[in-house]
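Here's a quick briefing on a two-chain model, meant to be read with the structure open beside you.

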Amino acid sequence: METLLAILIGGLFGSAVYMMLRRSIIKLIIGLIFLSHACNLLIFTIGGLVRGKAPIIDEGQTGFSNMVADPLPQALVLTAIVIGFGVIAFTIVLIEQVYQTVGAGDTDELKASDKTI
Amino acid sequence: MINELIIAPVAFPLIMALITLALWKYRNIQEIVSVVGAIIYFVLCFQLLNYVLNNGIQAVHMGSWDAPFGISFVADTFSALMILVTGLMALVVIVYSISSMRRPKQLCDMEQKQFQYAYYPLLYFMFVGISGAFLTGDIFNLYVWFEVMLIASFSLLSLGGKKLQMEGTFKYVTINLISSAFFLVGVGLLYGVAGTLNMAHLAQILPTIENQNIVTLIAVLFILCFGVKAAVFPLFFWLPASYHTPPVSVSAVFAGMLTKVGVYSLIRVFTLLFTGHLEFTHTILLWIGGFTMVVGVLGAAAQYDMRRILSIHIVSQIGYMIMGLALFTPLAIAGAIFYLLHNIIVKTNLFLISGMVHRIKGTYNIRNMGGLVNSYPFVAVLFLASGLALAGLPPLSGFWSKFFVVKAAIDIKHYFIAVVALMVGLLTLFSMIKIWNEAFWKKMPNEKCDSKKDVNFLSKGNIFMIIPVVGLLAITVLIGFFPETLFTIAERAAEELLDKSQYINAVLGGSL
């Protein structure tokens, strides 16, 4: 399972970089979304994959008797997803505004702020 | 008492942001409340430094969950110093905004009125993020505060919605999101190898890990992500593309604070966490520092927009701080901290002065300016003193900060980087003299429009632009004449950074 997820994460990172290097600003957004998904999956995988062992202490017990899933990476991923969602939502609105003010969806056209006067 | 004091620099601006947001329909009241709030914020920040200086490193744990399980907030001397200067910047910029964000109407920074109400709340939200980043003792929590700071800065940067601004914001947002992704990957890997996220606990565990190569790999990821935020050499191109586009008070606070949060984080993680493989990581940092200095200062030579010259100079100055960190001696780290504080004050001040010049001339292009030394000798003196402080002429604060860093380099026989640092200082002087010659000293290029275009700057409406600039300049001069006070504190901060056990003991206590 780890190997499969590792390949998936690598694929996501690769396609994120590919998408971000395209000139269309829409594809750039898609690239950013892939990037945040790849990061979330990476944290999730690196915390160790344990199936079907919830980190809940049974009634009458005082501790875990055998191995359980680590809840912390899940909490981290949850936080990262929420933050990523907010930021991506903002970015999509920004892209829309950029498109309206600049009138182009091509990153090559966005050179005005780099020009030397 | 101390618990409230550590939380206050984060909680207070949050409360202020909500109050100012509630007052968005009443601009005059919103302004007054903002200024009063900024004064209280500054006092709170000062109290925190005072307490930390008297009582050593302080830590609180959220929800009474002891470290390393709860999220810790830690105030050591370095954090408290940064918090103090954050409070100062908040006060200065908010007072300056009263004048710069309104009248005279034709020169108002923000044409669309409907955007103005969001300005003060967003500023306060950004200060929440900055203070949180300085105070947190948990590496994932640092990521969260970075995002709080970033989302507020994205909105501030695009506030107003001009074409240039939107383009600048677009670049800024994209690069920062990528760097945040690297940060997240770094944090994830760190948790994978160490099983904790508390920085003090990490500092304990990381040296005991068998496979030190993976720790070094993570260190490089952190150089990458904080390097983007701090705008170091190969990663800085977003900065000169975006910092000159927003209203000038926003530029000023960005120039002063945001990149420095990146530098703070670099200093924090490379003194506390990644010290196992010094000859590798800190050699990379030394090279980065050198290139950052040189490339930044050369990039500025080609520019003729006042704010763009100053923006690219931020990059150059960051190089000195990275160099101080890379040399890794007590004097070098103290010098880097001293440099950090000096640079925040002087750089913000220069941007604020460029706002004054813009108010007078209606442009940032120094080719179209001239004669300011005759029409406004007062503004000319303010600029000259700040510019010379940035270039590092004695007896201003820049001289001492450069002196400490260069002396540290010579002490451990890194002559080459010392020579580079001195040459860059000379070139900085060249850029400042260029602005001085073009904007202040030379005659107006077109004599006819000279008297017509100048706005009467010393009118009543602009008084709040002058007070903060004079105040910051006074601080620069004071640091210049009495550097020992600040340097003693910076030395103490450096000593705490290099002796990890103090930090670890303060956070973990005797529990682990």
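**A quick tour of the model**

B:Ser401 is buried, with a relative accessible area of 0%; buried means under 20%, exposed means over 50% and partly exposed is in between, using a 1.4 Å probe and protein chains only. This is a predicted model, where local features need pLDDT of at least 70 and side-chain atom pairs count only at pLDDT 80 or more, while totals for chains, interfaces and linings use all residues. Residues are numbered from 1 along each chain as its sequence is written, chains are lettered from A and ligands numbered from 1 in the order in which they are written, and side-chain values use heavy atoms, with hydrogens and water left out.

**Around B:Ser401**

- You'll find B:Ser401 in helix α16 (residues 397-411) of chain B; helices here are DSSP runs (H or I, at least four residues), numbered from the N terminus.
- Leaving aside residues up to four places away in sequence, B:Ser401 touches B:Phe338, B:Tyr339 and B:His342, with contact meaning heavy atoms within 4.5 Å.

**The nonpolar core**

- The largest nonpolar core has 229 residues, and B:Ile139 and B:Phe274 touch the most other members; such a core is a set of buried Ala, Val, Leu, Ile, Met, Phe, Trp, Tyr and Cys residues joined through side-chain atoms within 4.5 Å.
- Helix α13 (residues 330-361) of chain B gives the largest share of this core, 19 residues.
- Not counting residues up to four places away in sequence, the residues that B:Ile139 touches include B:Phe183, B:Leu202, B:Phe222 and B:Leu273.

**Where chain A meets chain B**

- Chain A puts 38 residues into the contact and chain B puts in 40 residues.
- On the side of chain A that touches chain B, the elements giving two or more residues are α1 (2-21), α2 (25-46) and α3 (71-102) of chain A.
- α3(A) supplies the largest share of that side, 16 residues.

**A:Asp106**

- A:Asp106 sits in the segment after α3 of chain A and counts as buried at 18% relative accessibility.
- The side chains of A:Asp106 and A:Arg23 are joined by a polar contact of 2.7 Å; that term covers a pair of N or O atoms within 3.5 Å, where within protein one must be able to donate a hydrogen and the other to accept it, and residues adjacent in sequence count only if both atoms are side-chain atoms.
- The A:Asp106 side chain also reaches the backbone nitrogen of A:Asp108 at 2.9 Å.
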